[in-house]
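Open the model in your viewer and keep the selection tool at hand. The tour below goes from one selection to the next.

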Amino acid sequence: MFSQRRIRFMAATALIVFILYLHYSSDSQSVRNQTFYQSTVAAINAEKAGAGNTKAPSYLSHTGKEQPGSKPSEEYTYVEGDDKEEPAIPKAQPEPQQPLQASADQDTEEIPIAGRTKMTVPKEKGPGGSEVETETDAEAAPWKEDDEDEEKKKQKQLEIELAETKAELNDILKRSPVIIFSKSYCPFSKKAKAILLGKYTIVPAPFVVELDQHPLGPRLQSLLGENTGRHTVPNILVNGRSIGGGDDIAALDDHDELAPRLKSLGGKWLQDVNRNEDSTD
């Protein structure tokens with residue numbers, strides 16, 4: 001059997017438990033009767049009931065009036081498909097970088113890249129809107145322009161010299177139907193002149209041009225080579241046609257063909273060609 005002291009202790013403990021039960025039961029009932037508690041439970045039940053059909057965006061009601069014991073209210077937006085709530089103020093988005101484009105009224109220019117590729121860029125504007133002059137290829141490499149100018153000058157000079165030489169040759173060919181282009185020190189030229197001027201009487205007399213003494217001698221010889229195909233002296237021309245050099249004249253003389261050849265090429269302009277009787281071989 002229990003002692004009297006233990007029975008009293010158990011009775012006191014049971015009494016205390018009963019009192020605590022009554023106390024918490026009354027507090028719980030008072031909480032359930034409050035309007036805030038009832039509205040909250042109703043909202044939760046309504047959200048659970050709607051979640052079974054479709055997931056629709058929900059918003060917390062903002063009455064503009066704070067409930068007792070609640071923190072200051074904030075506006076929230078609900079993003080469909082995401083359970084996280086975020087403030088209604090949108091985040092600042094970085095501005096997209098626009099590609100470099102020239103406006104309609106802005107001039108453009110092409111600049112070389114790596115010496116080959118080109119790209120179009122707007123022209124730079126100086127103070128007051130004036131265009132900034134860019135360095136051209138000629139300014140970047142002035143020696144190129146100088147070389148081109150020098151080449152043009154040389155070409156122009158050659159053209160002038162050629163025209164002068166042609167004019168001089170035409171003037172010489174008018175002097176006589178028989179022209180002897182010679183050089184004073186050349187033995188073959190001396191042989192040709194001895195035959196044409198000493199062994200024959202030719203009217204009009206042959207005109208002799210000593211190229212080594214003429215101011216345009218080298219140029220005349222070069223032009224004769226282009227026109228007649230003979231680049232050496234002597235070069236004997238009859239009415240502008242070459243009949244050869246010293247050996248050719250000697251061969252024609254040996255076969256008595258020189259006079260007939262001169263007459264056939266000289267035509268009416270060559271009045272007389274006779275071999276001198278007192279000439280010796």
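Start by selecting Lys 199, which is buried at a relative accessible area of 14% (buried means under 20% relative accessible area, exposed over 50%, partly exposed in between, with a 1.4 Å probe and protein chains only). This is a predicted model, in which local features need pLDDT of at least 70, side-chain atom pairs count only at pLDDT 80 or more, and totals for chains, interfaces and linings use all residues. Residues are numbered from 1 along each chain as its sequence is written, and side-chain values use heavy atoms, with hydrogens and water left out.

Lys 199 and Asp 253 form a salt bridge, with 2.5 Å between the closest N and O atoms (a side-chain nitrogen of Lys or Arg within 4 Å of a carboxyl oxygen of Asp or Glu). The two residues are 54 apart in the chain, Lys 199 in helix α5 (residues 187–199) and Asp 253 in helix α7 (residues 246–254). Helices (H or I, at least four residues) and strands (E, at least two) are DSSP runs, numbered from the N terminus. Asp 253 is buried, at 3% relative accessibility.

Next, select Arg 275. Its side chain meets that of Asp 253 in a salt bridge of 3.3 Å, N to O. Arg 275 belongs to strand β10 (residues 272–275) and Asp 253 to helix α7, so this pair ties together parts 22 residues apart in sequence. Arg 275 is partly exposed, at 32%.

Arg 230 sits in the loop between α6 and β8 (235–238), while Asp 248 is in helix α7, 18 residues apart. Arg 230 is partly exposed at 25%, and Asp 248 is partly exposed at 34%. The structure holds seven salt bridges.

Now show helix α6. Which of its residues are buried? They are Gly 217, Leu 220, Gln 221, Leu 223, Leu 224 and Gly 225. Gly 229 follows α6 and has a positive phi, near 85 degrees.

Finally, select Ser 182, in strand β5 (residues 178–182). Ser 182 is buried, with a relative accessible area of 0%. Its side chain is joined to that of Ser 189 by a polar contact of 3.4 Å (a pair of N or O atoms within 3.5 Å; within protein, one must be able to donate a hydrogen and the other to accept it, and residues adjacent in sequence count only if both atoms are side-chain atoms).
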